[in-house]
Amino acid sequence: MNILKFFTAGSVDDGKSTLIGRLLYDTGSILADQLEALQQSNRKNDDGTIDLAILTDGLRAEREQGITIDVAYKYFQTGKRKFIIADTPGHIQYTRNMVTGASTANLAIILVDARNGVVEQTIRHSYLVSLLGVSHVVICINKMDMEGYSEEVFNTITENYKKMAAKLNLQDITFIPVSALKGDNIVHTSEHMPWYQGTSLLDFLETVEVTVNQDLHYARMPVQWVIRPQTEALHDYRGYAGRILSGAFKVNDKVTVLPSGNSSVIDRIEIFEQTPQEATAGQSVTLHLKDNIDISRGDVLVNSSYLPQRSQLIEADLCWMDNKPMDDSITYFLQHNSKLTKCKIREILHKVNINTLEKEETHEFKLNDIGRVVIKTADELAFDLYTENKANGSAILIDGRTNLTVGALMFRAIVE
Amino acid sequence: MSKYNLDYLDELEAEAIHILREVAGQFEKPALLFSGGKDSITLVRLAEKAFRPGKFPFPLVHIDTGHNFQETIDYRDEMVARLGEKLIVGYVQESIDNGKVIEQKGKNASRNALQTVTLLDTIAQHGFDACIGGARRDEEKARAKERIFSVRDEFGQWDPKRQRPELWNIYNGRIHKGENVRVFPISNWTELDVWNYIRREKMSLPSIYFAHHRDCITRNGQLMAASPFLNMDDADIVTHRKVRFRTVGDMSCTAAVESEADQIDDIIDEISASKISERGARLDDKVSEAAMEDRKKGGYF
């Protein structure tokens, strides 16, 4: 059994929390004591039924305001798959939380209110999904019950969405007409929409393929920790511990250490007490090399026949996440996997108006702004482009004054 | 092209090991908070996988309320001896004796709330900058909101509105002096995942997790182990029951469930069929709708 990670996006009141609540409720994932707590709650739907949205609104302030402020993670399982849901807020001021949820997701569910169709928020969320390279998108056209379960409404919205999405780089788009409130096409196929021939949302989530599909050549492992017991019995033991970001490493593969550029050959792969011949993306391993070379945390081991880009000057998409605007006169920290280095924003190329998708010239970056910048790092980075290798093509910015994570970076090009 | 597809337990394990190694790499003085419960036992197993054959780059820290199940303490001491790792114990009794906290009175008295003070004192005394814990997001709705690296201020407080975004698998552990980070490597595990992992790894557990005969009383609709730590009176009727515990906490606030499950396969079957959540057996969560959120804001684990 494997895991599908997905997140939900949509405007406030499009019914994201209700949809998640419905998924949990109809799959029997809500237990008796939780259900009892729901029934005792004061928040009810107009017809007196339980408001499923309160299942995900975990903070007092969220329940008070009836909105989602921060990402909540929810878990459920069916006979076919395990699911991790990032329930992300739809408010424009919480774009950063949506980016947070999207950064680790295999799939995005974007809710569209059947009464309103494609709105600015839909464009914004679709842009973010495209920017972050989320592989699969499900457009749930919600509140179909309030539009008489009309096929025409569904078709119009679907066409409008496709027109808008042509401007974006979205890979796999699926449209499903639903009512999260009434439970149509969420877990059970709806009787109200016989014209819809597709699967329910849950069916789709259970069967969509989520295997990491990546070229073996991109073997990358940032070194997190050097295991060096220095006991008498293990005098010469020197293992490089890390999680393989992408690709695969095999015993006898030639590897290069960056930034030093030294090479060696893989002598042994350890996963605790096992010594497999091969290890692949996602696994946490310990690698042993044939030669004793200087390697420490922050270095990255890569396949010698397919080296990453190396540069101190990189063009990247930046999502600004802090209340304090970006300041190109100060030095930030950049964290790229286990590597921490100082950096500066050398140039702002443009900002994207994420409601119209137009590029705009700007001199400032404020909370939730997204655009393209050129960054200059103190140390050389060994990276891949985000489009080719998300895990080695992304980084965060940290403000050294507050230690807050202030930016998300996706590497787009080397600056010659 | 090649496709990789890790089984879910392998994926959760690899993620947790990655997080533990980030703690080792990013912090000066981390600690692993160990309660003797299944979640922290799982953390210890993951630490072995992350750092063996080397030593753990952190000690284990147990906050002992003095009201623990003896079986848990025995288990703890055997485990530490087997691992050859360092154990630091912070005693709530010492905090009481020093006058830093005052023992609660009344029928529902518990030392659960007092342990926050002992924990914060222990953190300060040893200068820990990161505390690894076994909390999971599926346990409770406020925990569902928490980051894997969760920054606490100098008072140990969690501020849900000031959390750092956590992107991709990159964890920002930079803090100011006096602050510390609570790190939750098994955030993405569910109760059942933990049990399946324990079964797969053939890990041993304190015996109270398995069905056994015990004197119990019923309080607030829950079965509690009869012990000198409960303020019992003539109204409490002691009955002999076959029970087990789903969580291991303080004897004064952890309820038992009636069960015949005396081995792990039976426990997994029982949990899979259960209609009550794990935290349904914790009286400390039932104080109010925001009980956990409020305790976490105050510095609770």
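The questions below take up the domain interface and the rules behind each term.

This is a predicted model: local features need pLDDT of at least 70, side-chain atom pairs count only at pLDDT 80 or more, and totals for chains, interfaces and linings use all residues. Residues are numbered from 1 along each chain as written, chains are lettered from A and ligands numbered from 1 in the order written, and side-chain values use heavy atoms, leaving out hydrogens and water.

Q: What makes 8–194 + 289–298 of chain B domain 1?
A: The domain assignment gives those bounds, with 206–285 as domain 2 of chain B. Such bounds come from an automatic or database assignment.

Q: How many residues of domain 1 of chain B are in contact with domain 2 of chain B?
A: Contact means heavy atoms within 4.5 Å. By that rule, 29 residues of domain 1 of chain B touch 28 residues of domain 2 of chain B.

Q: What area do domain 1 of chain B and domain 2 of chain B bury between them?
A: Buried area is the accessible area (1.4 Å probe) that two parts lose on being put together, summed over both. Here that is about 2400 Å², 49% of it on carbon and sulfur atoms. B:Phe69, B:Lys107 and B:Glu191 supply 30% of the area that domain 1 of chain B buries against domain 2 of chain B, more than any other three residues.

Q: Why is the pair B:Arg246 and B:Glu191 called a salt bridge?
A: The rule asks for a side-chain nitrogen of Lys or Arg within 4 Å of a carboxyl oxygen of Asp or Glu. The side chains of B:Arg246 and B:Glu191 meet at 2.8 Å, N to O, so the pair qualifies. The count between the two domains of chain B is two salt bridges.
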